[in-house]
Amino acid sequence: MGWKGEAAIVGAAQYKPQKYSEAPQMFHLEQVADLAKQALDDAGLQASDLDGLVINGPHFHEASVFVPAMAAEYLGLAVNFAEVVDLGGTTPVGMVWRAAAAIEMGLCQAVLCVLPMRMAPFGPDEDPSAMARAMRFGGHSTAFGAPEAEFDLPYGHLGQNTGYAMIAKRYAAQYGYDEKAMAKIAVDQRTNALANPNAIFHGQPLTIDDVLNSRMVADPLRVLEIVMPVAGGAAVIVASKEVAARARNRAAHITGFGERLGYKSPTYSPDMTETPVGPAARRAFAMAGLKPSDMHAAQIYDCYTITVLLSLEDAGFCPKGEGMRFILENDLTWKGNFPLNTHGGQLSFGQAGSAGGFSQVIEAFDQIRGKAGERQLKTCDRVFVSGTGGVMSEQGALILEGA
Ligand SMILES: CC(=O)CC(=O)SCCNC(=O)CCNC(=O)[C@H](O)C(C)(C)COP(=O)(O)OP(=O)(O)OC[C@H]1O[C@@H](n2cnc3c(N)ncnc32)[C@H](O)[C@@H]1OP(=O)(O)O
């Protein structure tokens, strides 16, 4: 498709995940401005360098319409490219490749991709606990006419926990299920978080027994195999080759990307164990002219352990049905032979709503630019990043490469 792969991530900002009760409340526009400033400072660029803006959907903001224009006005930017991305957990991946595509088309030079996810201050009539619950994933759409309202909700299929559990059950029936292998995903990622002071579970080691003894939430998923919602928010700046040349970081070039969606509930998936990660990842690898074994790290969206298992298989890191063996046979820590979610993954870093997926994008950037601190990989020039939205329904993939 003639993709040059010149556009690159040059700067990033990410709030340290915090429990909702402990996080400062900030209006979303304040967060947008704060994250933009931090990302620009990180890149060594000025606001006047920005001429593109990608932001999340209107339901996250105080204003319900015209979100990019409102944010551009607040930031004092005049942009040639404005986009709203609303793809659940793959929103960050979707933002980054859209920004890169706009740059390659010559529409703009530097794009702010921003996802504010701390809570806004409560109004006098609002019940904070109800707000907090709403922020913590209300679950499936009950919109009139939505198939979930008729065929999912009446059967107790509420929200993501049950959906992913259903997929895990189907996988178990088809390929078998080794709960120790699944627990090892969480344990290896926790080892990574022990080397990441920003992770919410930093300083709290985890064993396979801890995972297996933790409370069952949606059979077979236990609480330590499920992400904990946290307050957060993140931004990255994607820039042209020319702008990247005067930014201060080693750039992470977007050399491949893919996206695939076609349903929102796994009930409507043609095969629950063959996820859209496959087509998204295959396109990304083909664009980059690389294969899974060329990657120095994989930053795989991990709302649940089952998400990681299916993504490893469908992205081609191991054959279908052999994911559990792959997990047991490989060291998935930053010290190991298959570095996976080296920041701890969302399971141990915390999940700031849709911005959670930015933790994977930013970790890939940090590893490529050599700023991952204690967990820095010796060699890291090529990283696979995935995003998962909904219940394995909206999938994105990126290949990021150091220059
Ligand atoms: C966004 C997309 O498009 C794609 C996706 O990512 S899908 C996934 C979206 N995310 C979710 O659906 C959130 C999943 N998580 C949950 O539903 C909840 O964490 C849960 C049901 C698993 C637990 O919630 P809960 O039972 O209400 O626990 P809660 O009362 O809040 O907390 C009790 C304790 O457990 C801890 N805890 C809560 N959730 C935890 C988790 N997932 N892992 C580890 N610890 C957790 C809390 O910190 C708290 O500890 P303290 O007592 O020390 O403070």
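This is a predicted model: local features need pLDDT of at least 70, side-chain atom pairs count only at pLDDT 80 or more; totals for chains, interfaces and linings use all residues.
Biologist: Which residues of α10 are buried?

Modeller: They are Val 277, Gly 278, Ala 280, Ala 281, Ala 284, Phe 285, Met 287 and Ala 288.

Biologist: And how many residues does α10 have?

Modeller: It has 12, running over residues 277-288. From first C-alpha to last, α10 reaches 16 Å, close to the 16 Å expected at 1.5 Å a residue.

Biologist: What follows α10?

Modeller: Gly 289, with a positive phi near 65 degrees.

Biologist: Let's zoom out. How many helices and strands does the protein chain have?

Modeller: The chain has 14 helices and 11 strands. Its C-alpha atoms fill a box of roughly 55 × 55 × 40 Å along the principal axes.

Biologist: Which residues touch the most other members in the largest nonpolar core?

Modeller: In that core of 49 residues, they are Ile 9, Val 238, Ile 254, Phe 358 and Leu 398. Helix α3 (residues 91-104) gives the largest share of this core, with 9 residues. There is also a second, separate core of 45 residues, including Met 295, Ala 298, Phe 317 and Val 391. As background, nonpolar side chains tend to be buried together in soluble globular proteins.

Biologist: Back to Ile 9. What does Ile 9 touch?

Modeller: Leaving out residues up to four places away in sequence, its contacts include Val 96, Val 238, Ile 254, Phe 365 and Leu 400.

Biologist: New topic: where is Gln 346 found?

Modeller: Look in helix α13, residues 345-349.

Biologist: Is Gln 346 buried or exposed?

Modeller: Buried, because its relative accessibility is 0%, and the cut-off for buried is under 20%.

Biologist: Which side chain makes a polar contact with that of Gln 346?

Modeller: The side chain of Gln 351, at 3.1 Å. Not counting residues up to four places away in sequence, Gln 346 also touches others, among them Val 227, Tyr 301, Asp 302 and Ser 359.

How values were computed: Residues are numbered from 1 along each chain as its sequence is written. Side-chain values use heavy atoms; hydrogens and water are left out. Helices (H or I, at least four residues) and strands (E, at least two) are DSSP runs, numbered from the N terminus. The expected span of a helix is 1.5 Å times one less than its number of residues. Buried means under 20% relative accessible area, exposed over 50%, partly exposed in between (1.4 Å probe, protein chains only). A nonpolar core is a set of buried Ala, Val, Leu, Ile, Met, Phe, Trp, Tyr and Cys residues joined through side-chain atoms within 4.5 Å. Contact means heavy atoms within 4.5 Å. A polar contact is a pair of N or O atoms within 3.5 Å; within protein, one must be able to donate a hydrogen and the other to accept it, and residues adjacent in sequence count only if both atoms are side-chain atoms.
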